[in-house]
Amino acid sequence: PPPPLPSSGGVPAMPSPSHPQPPPAAAPAAAPAAAPAAVPPQPCVLPAALLEAATSQFAADRMIGEGGPGCVFVADALASLPQAARPVVKRADSAGVLEIACEIEILARCRHPHLLPLLGCCLEPRLPCLVYPLARGGSLEDRLIYSAEGQRRLKMVGCSAPPPLPWLTRVHILRDTLRALVYLHEVASPQ
């Protein structure tokens, strides 16, 4: 198997209305140089069979999202992951191996408070996957657009009957998502 990957970053994380993420503190004008951040755990390289077992063979009733190069599935806890958080697995089609490898290369350089960390990956050609922790509060789409399918997905991730997002929370989510996207573009194409 390939060697462990370098440190990680991930997809935008959505704050939950019951656990909003605090805005970052403003730095003083003459702030001292920041101490180097602790090195996060390296993403694990996981076998396809383990991810298939954790997602019930990628069962349709475990799918909580789709888009980009694949679909996202809720997985059972994986003992080989460093965090106790329930994982989700983004599965690409077999043509997505190169896309997943490029995504890993970029995410391995990312560390941002509004990005979910990359916990693991599988680069087997038949089943390329990325593994992230489950985002608190479900997907933004399911929180903004009420639908029976969206409510089913929210219930699957432990967010049954959530209240509507207040406008101030929506503005904070927009701001934090934009900060994460700007950061990703800076990391993806350094000057």
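Visitor: In what order do the elements of the protein chain run from the N terminus on?
Guide: The order is β-α-β-β-β-α-β-β-α-α-α. This is a predicted model.

Visitor: How many helices and strands is that?
Guide: Five helices and six strands.

Visitor: What order do the strands take in the sheet?
Guide: The six strands form an open sheet ordered S1-S5-S6-S4-S3-S2. The pairing is mixed.

Visitor: Which strands stand at the edges?
Guide: S1 (44-45) and S2 do. Each has a single partner strand, so one side of each lacks a neighbour in the sheet.

Visitor: How do strands pair in general, by the way?
Guide: Through backbone hydrogen bonds, either parallel or antiparallel.

Visitor: Take S2 and S3. Parallel or antiparallel?
Guide: Antiparallel. Four bridges join S2 (residues 63-67) to S3 (residues 70-74).

Visitor: What do S2 and S3 form, and how many residues are between them?
Guide: They form a hairpin, with two residues between the strands. Gly 68 sits in the turn and has a positive phi of about 60°. Gly 67 stands opposite Gly 70 in S3.

Visitor: And S3 to S4, how many bridges?
Guide: Five, and the two strands run antiparallel.

Visitor: Now the loop between S3 and S4. Where does Leu 81 come in?
Guide: Leu 81 is in that loop.

Visitor: Is Leu 81 buried or exposed?
Guide: Buried, with a relative accessible area of 8%.

Visitor: Which residues does Leu 81 touch?
Guide: Cys 44, Leu 46, Pro 87, Leu 119 and Val 131, leaving aside residues up to four places away in sequence. The C-alpha atoms of Leu 81 and Val 45 are separated by 9.7 Å, and these two residues are 36 apart along the chain.

Visitor: What share of contacts joins residues at least 24 apart?
Guide: 65%, counted among contacts between residues at least 6 apart in sequence.

Visitor: Switching to helices. Which residues of H2 are buried?
Guide: In H2 (residues 97-107) they are Ile 100, Glu 103, Ile 104 and Leu 107. They cover an arc of only 100° around the axis, which puts them on the same side of H2.

Visitor: Why would residues three or four places apart point the same way?
Guide: Because an α-helix has 3.6 residues a turn.

Visitor: Salt bridges next. How many?
Guide: The count comes to eight.

Visitor: What does Glu 52 meet in a salt bridge?
Guide: Arg 126, at 3.0 Å from N to O. The pair links distant parts of the chain, 74 residues apart. Glu 52 is in helix H1 (residues 48-54), while Arg 126 is in the loop between S5 (120-122) and S6 (129-133).

Visitor: Is Glu 52 buried or exposed?
Guide: Buried, at 16% relative accessible area.

Visitor: What about Asp 76, which residue does it form a salt bridge with?
Guide: With Arg 62. Their closest N and O atoms are 3.1 Å apart. Asp 76 lies in the loop between S3 and S4 (87-92), and Arg 62 in the loop between H1 and S2, so the pair ties together parts 14 residues apart in sequence.

Visitor: How do those two count by accessibility?
Guide: Asp 76 counts as partly exposed, at 34% relative accessibility. Arg 62 counts as buried, at 15%.

Visitor: How about Arg 175 and Asp 176? What do their side chains meet in?
Guide: A salt bridge, 3.0 Å from N to O. Arg 175 is partly exposed, with a relative accessible area of 23%. Asp 176 is buried, at 2%.

Visitor: Which residues are linked in a network of salt bridges?
Guide: Asp 142, Glu 149, Arg 152 and Arg 153.

Visitor: Surface now. Which residues make the nonpolar patch of about 250 Å²?
Guide: Leu 140, Leu 144 and Ile 145. Ile 145 is placed in the loop between H3 (140-144) and H4 (148-156). At 53% relative accessibility, Ile 145 counts as exposed.

Visitor: Last one. What does the accessible surface of the protein chain come to?
Guide: About 10700 Å², with 65% belonging to carbon and sulfur atoms. Of the 191 residues, 39% are buried.

Note on methods:
Residues numbered from 1 in each chain as written. Predicted model: local features only at pLDDT ≥ 70, side-chain atom pairs only at ≥ 80, totals over all residues. Heavy atoms only, no water. Pairing = 2+ DSSP bridges. Buried < 20%, exposed > 50% of the residue type's maximum accessible area, 1.4 Å probe, protein only. Arc of directions from axis to C-beta. Contact = heavy atoms within 4.5 Å. Areas by Shrake-Rupley, 256 points an atom, 1.4 Å probe, with all protein chains shown as cover. Patch = residues over 30% accessible without salt bridge, like charges linked within 9 Å, V, L, I, M, F, W, Y side chains within 5 Å. Salt bridge = Lys/Arg side-chain N within 4 Å of Asp/Glu carboxyl O.
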